[in-house]
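Hi everyone, thanks for coming along.

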Amino acid sequence: MKAWLICIDDTDDIGTKGTGEIAEEIAAKLAPRVPQDARPAITRFVTRHQLFVHPDIPYTSHNSAMCFQVETDFDFAEIKAICIAHLKQESAAAADPGLAILDLESDYNIGQLIAFGKQSKVEVKTKEQAYQLAAELGVDLSEHGGTGQGIIGSLAGLGLRLSGQDGRVKGQLTLGEDHDESAVVQPSVAQMLKQTGLQAAISTTGEILNHDEQISLTGQIKAVYTQHQFALLVSNESGEWRNATKQQLKPY
Amino acid sequence: MQQWFIQVNDLWQFKFGVEDYAPAREAAKDCSVFLSDDEDEHTDNVARSCFNCMYRRWQPSSFQCHKRSAAVASTCVS
């Protein structure tokens, strides 16, 4: 089985299915979960990567790309065909979808890819720049409707995911079947990691919590990708570790 | 409407930037066409907030309300 990193961008429009949901659906088609596996492999978490917000960039409303890793027996041609078929089926008519596929076992310059991702958060990039870099690095980059402008974000999303320091994990985490988000629960870090499949609890200041520390969780429980780990983001409020608010999650 | 937005060309732009949550919540509470975006795109813990609305389009220092520009039957405009 080989590992691939896949990123899509600019597939939606107001009122249509979101790009993150489409990414999850593609991941499920490429690597279906076995019935006894209650949770997806953590590497398959879809991460959302915020890109540059600028008047010259024709995003719909927020300009973010969605990236995920899959381990699969499908070969490259099969993977690409599955991705394209799903994008064609689910993308909004007014969208400009882009698709980037990276063989993680290939010999590519990770530094250049990460640099492109970071630059795409602070400056306007062109399709030509994206295609040129993709050709140099051996990343498969393709457009699937409209202007195809989404290729820029899809390439950038690969780089940002590889940086290990960017992105919010799509969706919410649950702490078992009986989890009630209106209640406050206070597991240890170790218990939370076991229940969610995450790798760490990391504070908004970058501190990695010890496994025996207690955290106070309520509301929507969200994770981020930081320090190369899928982590619960927490903040210290009056001596108590609490899951991050939407406002605190925003910079990720 | 004009409490929270100014008209720039054909679009309504939020007056209070990207960090001032109270007016974004007030404006959404007063809006009959608020439509929640995907939860993953929310940036305000209070669900009904213009910051969480599908019709906002982020700009570098604020957002534009696209529902209003579309002039769809709306009771937001007061």
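Let's start in the loop between strand 9 (223-226) and strand 10 (229-237) of chain A, where you'll find A:Gln227. Please keep in mind as we go that this is a predicted model. What is the phi of A:Gln227? It is near 50 degrees, a positive value in a residue other than glycine.

Now hop over to chain B. B:Asn9 is not a glycine either, and its phi is positive at about 55 degrees. You'll see B:Asn9 in the loop between strand 1 (5-8) and strand 2 (11-14) of chain B. Is B:Asn9 buried or exposed? Exposed, because B:Asn9 has 7 other C-beta atoms within 10 Å and the cut-off for exposed is 12 or fewer.

While we're on chain B, let's look at the whole chain. Chain B contains four strands and two helices, and their order along the sequence is β-β-α-β-β-α. Chain B has 78 residues, and 35% of them count as buried. If you take the contacts in chain B between residues at least 6 apart in sequence, 41% join residues at least 24 apart.

Chain B also touches chain A. That contact takes 16 residues from chain A and 14 residues from chain B. On the chain B side, six of the residues are charged, four are polar and four are nonpolar.

Back to chain A, and a glycine this time. A:Gly138 follows helix 4 of chain A and has a positive phi, near 80 degrees. The loop that holds A:Gly138 runs between helix 4 (127-137) and strand 5 (140-143) of chain A. A:Gly138 counts as exposed, because it has 12 C-beta neighbours inside 10 Å. Which residues does A:Gly138 contact, leaving aside its neighbours within four places in sequence? They are A:Ser106 and A:Tyr108. In sequence, A:Ser106 and A:Gly138 are 32 residues apart, while their C-alpha atoms are 8.1 Å apart in space.

Now turn to helix 4 of chain A itself. Its residues A:Ala130, A:Leu133, A:Ala134 and A:Leu137 are buried. They cover an arc of only 100 degrees around the axis, so they sit on the same side of helix 4 of chain A. Helix 3 (110-119), strand 5 and helix 5 of chain A are among the elements covering those buried residues. The face turned away from the buried side carries the exposed residues A:Glu128, A:Gln132, A:Ala135 and A:Glu136.

Let's look at another helix. Helix 2 of chain A covers residues 76-90, which makes 15 residues.

In soluble globular proteins, nonpolar side chains tend to be buried together. In this model, the largest nonpolar core has 65 residues, and A:Ile6, A:Leu155 and A:Leu158 touch the most other members. Helix 5 (residues 150-163) of chain A gives the most to this core, with seven residues. Domain 1 (2-168) and domain 2 (172-249) of chain A each supply at least three residues to this core. Leaving aside neighbours within four places in sequence, the contacts of A:Ile6 are A:Ile26, A:Cys67, A:Phe68, A:Val70, A:Cys83 and A:Ile101. There is also a second, separate core of 16 residues, including B:Trp4, B:Trp12, B:Ala27 and B:Cys53.

Finally, the domains. The C-alpha centres of domain 1 and domain 2 of chain A lie 27 Å apart. Their contact takes nine residues from domain 1 of chain A and ten residues from domain 2 of chain A. On the domain 1 side, four are polar, three are charged and two are nonpolar.

Key. Residues numbered from 1 in each chain as written. Chains lettered and ligands numbered in written order. Predicted model: local features only at pLDDT ≥ 70, side-chain atom pairs only at ≥ 80, totals over all residues. Buried ≥ 20, exposed ≤ 12 C-beta atoms within 10 Å, placed from the backbone. Contact = placed C-beta atoms within 7 Å. Expected span 1.5 Å × (residues − 1). Nonpolar A, V, L, I, M, F, W, Y, C, P; charged D, E, K, R; others polar. Core = buried A, V, L, I, M, F, W, Y, C linked by C-beta atoms within 7 Å. Domains from an automatic or database assignment. Arc of directions from axis to C-beta.
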